[in-house]
Protein chains: 2
Amino acid sequence: MNNPLLLALALAFALPFFSSLLSLSHPLDPLTPNEINQIQHIIQNSNLGSLPNLTFHFVDIAEPDKSDVIRWLDSKSQPKPTKIKPPARQAKAVVRAGGKTYELVLDLATNSIVSNHVYTGHGYPPLSFMELFQASKLPLKYSKFIDSIVSRGLNISEVSCIPMTAGWYGETVTTRILRVNCFYRGGSVNVFARPIEGINLLVDVDTMRITSYSDRFRAPLPKSEGTDFRSKKFAENSIITYNISGPGFKIDGHNVRWANWEFHLSFDARAGVTISTASVLDPVTKNFRMVLYRGHVSETFVPYMDPTTEWYYRTFMDIGEFGFGRSADTLQPAIDCPASALFLDGYVAGGDGKAQKMANVICVFERYSGDVGMRHTEINVPGRVIRSGEPEISLVVRMVATVGNYDYILDWEFKQSGSIKVGVDLTGILEMKATEQIYSDGKTGNTYGTLVTENAVAVNHDHFLTYYLDLDVDGNRNSFVKAKLQTARVPPSANPPSPRRSYWTVVKETAKTESQGRVRVGAEPAELLVVNPNKRTRLGNQIGYRLITGQPVSSLLSDYDYPQIRAGYTKYQVWVTAYNKSERWAGGFYADRSRGEDGLSIWAWKNRAIENRDIVVWYTVGLHHNPCQEDFPIMSTIHDGFELRPANFFERNPMFKQD
Amino acid sequence: MNNPLLLALALAFALPFFSSLLSLSHPLDPLTPNEINQIQHIIQNSNLGSLPNLTFHFVDIAEPDKSDVIRWLDSKSQPKPTKIKPPARQAKAVVRAGGKTYELVLDLATNSIVSNHVYTGHGYPPLSFMELFQASKLPLKYSKFIDSIVSRGLNISEVSCIPMTAGWYGETVTTRILRVNCFYRGGSVNVFARPIEGINLLVDVDTMRITSYSDRFRAPLPKSEGTDFRSKKFAENSIITYNISGPGFKIDGHNVRWANWEFHLSFDARAGVTISTASVLDPVTKNFRMVLYRGHVSETFVPYMDPTTEWYYRTFMDIGEFGFGRSADTLQPAIDCPASALFLDGYVAGGDGKAQKMANVICVFERYSGDVGMRHTEINVPGRVIRSGEPEISLVVRMVATVGNYDYILDWEFKQSGSIKVGVDLTGILEMKATEQIYSDGKTGNTYGTLVTENAVAVNHDHFLTYYLDLDVDGNRNSFVKAKLQTARVPPSANPPSPRRSYWTVVKETAKTESQGRVRVGAEPAELLVVNPNKRTRLGNQIGYRLITGQPVSSLLSDYDYPQIRAGYTKYQVWVTAYNKSERWAGGFYADRSRGEDGLSIWAWKNRAIENRDIVVWYTVGLHHNPCQEDFPIMSTIHDGFELRPANFFERNPMFKQD
């Protein structure tokens, strides 16, 4: 390094990694842009760089061991913080090169590849945005497709094509393919409103070539009337002044402090927003107590209910196939979040491995909706009317994932009452199918959906968003308890006799193994609790958090249907599994063209012990969607979600100053 | 009338009634204070005035026939409004006099009693506030009770007593009684925190005397530590600036106009807030189309799950026994509603029949919570990123009913998407039972609840709030449809063959009679629809509204338990009945000490036809409440509700300007 230029270059390259290590705010901090570029550099300069067609499909931190993270956190919270070295900063990358899938672990401090393994199982890593983009452009230069367009009397310059994942339908040999479907804009911005029906077009992704084409039939193009989904109604007429000065939040690195909450907020290409080490202040001990070690959307499953040739394969697993972070959208102030929100950027690796900034993909704001946090009026103290209460002010962390036609608004809401509420709002544009039909015959069974505009049927489908919830309720040894409410009869022999004949009582069943941790929500009246069986309140109640479920939902597909085999976990809305660092993706890590050999329902077959263990709860927010005309040209949000609510976690309502 | 003074008095008395008739904004307008006083005057001056102990228990408009109301409304909405005389302004009053219950109908224009009928069935009208107040004071001067207090070493001046309804437990003869329970304030404002256990005290309401007294046992008084439910945390630390200038609302008399909604808002002592003739603007025809003819809370049922002597009877029916309007609380700006909300008064008749103003019992405000109304980003138009959306701005009408220890926050929320959302938030103070127990033994079956503070068990209970929803979806002939989602197998013989094996399809079942209109929510995947079978959209879809249900809940009491016999309707969460003007109160009109001979489950036994008829939907918002320590000393709100969402009611999303 006698050459000063080389030295300068080396320093310029090296220093940011050092500084990023020094400024590490938390062992679960997402990769910085410098770290992403460093990873690209290491891999590009390895033997993989010399293989043809090196593409990057997954680049994230290699999650440190939970015990190391906890030890590091604990050391920081001591009155006199001991200096503990943070866990080694490692990264995991999955790349494709020479037609193979490589799993790499990299050490960022030593600038080296720690392990390099060729994945030989079924399924493929998430598609890169570049691959999707390239595949979408192929038909426009493909002569058979151009002929199809011309023969329909359409103009190729007004055609947009959208690649869709192909699923798996029992093929013994699979390749990385996409099915590309095309739409006629005809001057409209609503691409999905006018599908060009009847064409089947397959792209081999590794070679980026069209490998199969057929033009089976034509359906009339749906008319273009009223398809524009843009609206200016409010922007024209409304003024929103919305400034909440609640307790105020502080963000230090990736650590967020607000009111009685402290949590880590990160972003990656696959899950999008991840909340880690969320802890709540105990008003008695003044210590923060852990609630949620890690939480994020683990997988989605969106099967359409049309078995015909052009539609049967539409059974998307957005997280594993595309990535929710990769699909995160820039948030619009005053539309997607209050204008006064704090907007944060995210960073992901592109298909070329280089860092890409995703601007304003997260917003954080204090919410006040006019709702009441708590209140009471007491008229039974003589001569006085005692009225009291507090408005509900909460903290919201939001992202929006736009996966093709649909937009998912994903909220983590923290409450001063100790609750964490997770909200999912669905909006966006329906997937429609062009049809000869102009008027509905009033039946629904034969069209696989609802006629929402002339010549367009919005096809029936489901949305399942499965959350990974590594709850560590006041420590990491927890149990899952079904507190069943059961009718009890008052015995005639009761002494003194009771005029009542019945009441309900709580019968608690602790799930011993994973097979007992599955729940079909709504099947029976029961509270679902995650408790710490080793700790009790001062009064002796079991310390816990309640899972308050949303709409009951489970997949209606046959157990033996291929999409259901791949997303087997959607048959139950709640699962509880033994913690295993490698088990984070409910539909399996390699979800694209997966065969159901990895994922939540497979792990749970092990039927591991889950009593007084480190456990993970999986909860599915879901919706069967039989569309209606109001969903066109864009659907108003429909909301669902769930709540994690303290249940004998605190000595009393934590909204109160304690004595 | 030669005496000028008499003439002046007569005019002073007569004119307000005239003016109120002239200023009638809607035939369903609630009684004005003048009208209430007029009713009192008419009754007081009738033969009833000479009977002993005349008390007023129900004073409301006598609801005009629906057809007359609709005709009057229609005449107003003509381009050239025809002058139709509003339906005759009549009132209904239920009074007690000489130990009997009189049902009266009065004509306000002629100042006369139209009908006068002695009610001889079982059950009694709502208790008046004066009766409850008087009963609460009786123990404090009752020597045996004073002895009990003294013998417990307590100071009678720190005792508050609260009357509770007694229910019915198979007695063949009933009288109007209250069971009075007493609490030791000991300097605290939280009356309910220290129950004086072991005493049974009965008050005969008509004679207002204690008729039975026993002091069975003593339990330690729960300690007074930390029972104060008042909090100043936010008032101290927070500033909320919350000004929404959305479309803006106008109130003309009792008619509310906001965005695309028009509805009538009234208030009475029994239901509290009632929403009537809610209609939504059709963006195509520019006409208002009816959705909800009338909606309000019809009855509540709050049974406690403790069969012992001092607790078994606590099975409240708040609407019929006390009245939600009668229990409406003055709303606190910046706590119960945004400070910028419009606050409205209500008027009820007191026990003496005279008008009482209830100040600021309703608030109306435009809500913006930071949520998204709809949004989409389109990246598939070449060279453009098209981002659009609208924030969610809705209109909220709110009241709070404080019935003893509990506070119910009751919202009607109107959305520009065409939805009506009904929200219920529960907060307030738990009913607690003093106990010897200091520490929980970790079991729950034997204590009938949860130890929430030393020596106090918060007793298990349910909340059921049943809504009367007289939906008239685009006209008053409607049907109730269960759109069941059923798994369909793809036949192996499908041509072309499909790789899929299953999908779901919609099988619609129209309820023919009332027995088919009952639903246990959550039992099977189904959308619940109220449709107008006589109308279709231009595209041919059945015009309708969807009932999106909340938490599945139904009563767990035995069918043969007395409280369940009285509230039989709580076994199903949804009922649909044929419209009958007299059928509004799900638990029966005379709910106090009722025997289950009147009410929803009884009417539905008639099994009337409900297909293509004027129908009423009854939906129960409910919660089984197994308390936890966080619910003490006051519980943070817990939310549930339901949504009425257009389903092929509009040609497309009404948020859009139509072509």
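Which strands of chain B does helix H5 (residues 143-151) lie across, and at what angle does H5 run to S8(B)?

1. This is a predicted model. In it, H5 of chain B lies across S5, S6, S7 and S8 of chain B. The helix runs at about 30° to S8(B).

2. Those strands belong to an open sheet of four strands in chain B. The order is S5-S6-S7-S8, and the pairing is antiparallel. Strands S5 (159-165) and S8 (209-215) of chain B stand at the edges. Each has a single partner strand, so one side of each is left without a neighbour in the sheet. On average, neighbouring strands of this sheet are turned by 30° against each other, direction ignored.

3. Look next at the pairing of S5(B) with strand S6 (residues 177-184) of chain B. The two strands are antiparallel and share seven bridges. Thr165(B) stands opposite Leu178(B), which is in S6(B).

4. A further helix of chain B, H4 (residues 129-137), also packs on the sheet. H4 touches S5, S6 and strand S7 (199-204) of chain B. The direction of H4 makes about 130° with that of S5(B).

5. A separate point concerns Thr377(A), which is found in strand S17 (residues 355-378) of chain A. Thr377(A) has a relative accessible area of 3%, so it counts as buried, the cut-off being under 20%.

6. The side chain of Thr377(A) makes a polar contact of 2.2 Å with the side chain of Asp329(B).

Conventions
Residues are numbered from 1 along each chain as its sequence is written. Chains are lettered from A and ligands numbered from 1 in the order in which they are written. This is a predicted model: local features need pLDDT of at least 70, side-chain atom pairs count only at pLDDT 80 or more; totals for chains, interfaces and linings use all residues. Side-chain values use heavy atoms; hydrogens and water are left out. Two strands pair if DSSP finds at least two bridges between them. Axes are lines fitted to C-alpha atoms, for helices over the stretch in contact, and angles run from 0 to 180 degrees between N-to-C directions. Contact means heavy atoms within 4.5 Å. Buried means under 20% relative accessible area, exposed over 50%, partly exposed in between (1.4 Å probe, protein chains only). A polar contact is a pair of N or O atoms within 3.5 Å; within protein, one must be able to donate a hydrogen and the other to accept it, and residues adjacent in sequence count only if both atoms are side-chain atoms.
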